[in-house]
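Let us take a walk through this model together, one region at a time. Keep the sequence and the 3D view open as you read.

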Amino acid sequence: MTGRAEPGEVLTRGRVTLRRWREDDRDALFQAVPDPPALAAGDRCRRGLAPCPVALAGMAYRQADQGDREMMALALGQARASLDGGGVPVGAVLAAGGTVIAAGHNERVQRGDPVAHGEIACLRNAGRRPSYAGTTLYTTLSPCQMCSGAVLLFQIPRVVVGEAETYAGDLGFLAGRGVEIVLLDDPSCKAAMREFQERYPDVWSEDIGGR
């Protein structure tokens, strides 16, 4: 994206209609312009067959820094590793103060574990912790309800999301409960998930795509 625009400008980014959240010429934050989809359209969205409306209005989204992008690159590497093994390409990293605590990726296929989502695998790899204060969870895809619940349960204060287009999740649920959200709208994260949805539609439907 180049040039500047006034906040409130409406534009199309990929398959989602976006409204500029605040003025910025490179890493602008956006809010999606929600449409009232019919139930059938919602089903198509969850299966990766149609764009997902992302309701971001009223949320306190923050700007990403270079450190966030470097951590997301690590999470994307985890996602790609899962995809190379025929699994769901969702990767996650838990970090604090620029230091990686743990990383993981979705292992539904690899372990035969239906709850081994990327964020859950990452938190499992982090082991027991007395506190998650000061941590950030990086995830390549907007968290599902289960992973959002884990964020709230462990009181993780900040979540950086690679993309929320191929699966919208419910970022408003987290933001409304005080979690700081950064949405990168990262093309590489989208590409990995779209490749998976096209190659393994049955696995996607078996996981969150068919819920």
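The second largest cavity is lined by 14 residues, and those nearest its centre are Val90, His117, Glu119, Leu141 and Ile208. Its volume comes to about 90 Å³, and the structure holds two cavities of 30 Å³ or more. A cavity here is a set of points on a 1 Å grid over the protein atoms alone where a 1.4 Å probe fits but cannot get out, and lining residues have an atom within 4 Å of a point. The volume is the space filled by probe spheres set on the points, which are joined across faces, edges and corners.

Before going further, please note that this is a predicted model, in which local features need pLDDT of at least 70 and side-chain atom pairs count only at pLDDT 80 or more, while totals for chains, interfaces and linings use all residues. Residues are numbered from 1 along each chain as its sequence is written, and side-chain values use heavy atoms, with hydrogens and water left out.

Strands (E, at least two residues) and helices (H or I, at least four) are DSSP runs numbered from the N terminus. Two strands pair if DSSP finds at least two bridges between them. Strand β6 (residues 135-141) and β7 run parallel, joined by five bridges. Between them the chain passes through helix α5 (residues 145-153), and this β-α-β crossover is right-handed; that is, with the strands pointing away from the viewer, the path from the first strand over the helix to the second runs clockwise.

How many of the six residues of β7 (residues 158-163) are buried? Six of them are, which leaves the strand mostly covered. Buried means under 20% relative accessible area, exposed means over 50%, and partly exposed lies in between (1.4 Å probe, protein chains only). β7 also pairs in the parallel sense with strand β8 (residues 180-183), over four bridges, and there Val160 stands opposite Val182.

On β6 there is another partner to find: β4 pairs with β6 in the antiparallel sense over five bridges, with Ala96 opposite Thr135. Strand β4 (residues 91-96) is largely enclosed by the rest of the structure, because five of its six residues are buried. β4 is also joined to strand β5 (residues 99-105) by six bridges, running antiparallel. The β4 and β5 hairpin has two residues between the strands, and Gly97 takes a positive phi near 60° there.

Most residues other than glycine have a negative phi, and most peptide bonds are trans. Gln155, in the loop between α5 and β7, has a positive phi of about 55° and is exposed at 65% relative accessible area. Asp185 has a positive phi near 55° as well, but this residue, in the loop between β8 and α7 (187-199), is buried at 14%.

Finally, look for the aromatic cluster formed by Tyr167, Phe196, Tyr200 and Trp204. Rings of Phe, Tyr and Trp (its six-membered ring) pair if their centres lie within 6.5 Å; planes under 30 degrees apart count as stacked, over 60 as edge-to-face and the rest as tilted. By this rule there are four aromatic pairs. One of them, Phe196 with Tyr200, is tilted, at 5.9 Å centre to centre and 40° between the planes. Phe196 is buried at 0%, whereas Tyr200 is partly exposed at 24%. Phe196 and Trp204 have ring centres 6.2 Å apart and planes at 90°, so their pair is edge-to-face.

Conventions
On a 1 Å grid over the protein atoms alone, a cavity is a set of points where a 1.4 Å probe fits but cannot get out, and a pocket is an open set with protein on both sides within 12 Å along at least five of seven lines; lining residues have an atom within 4 Å of a point.
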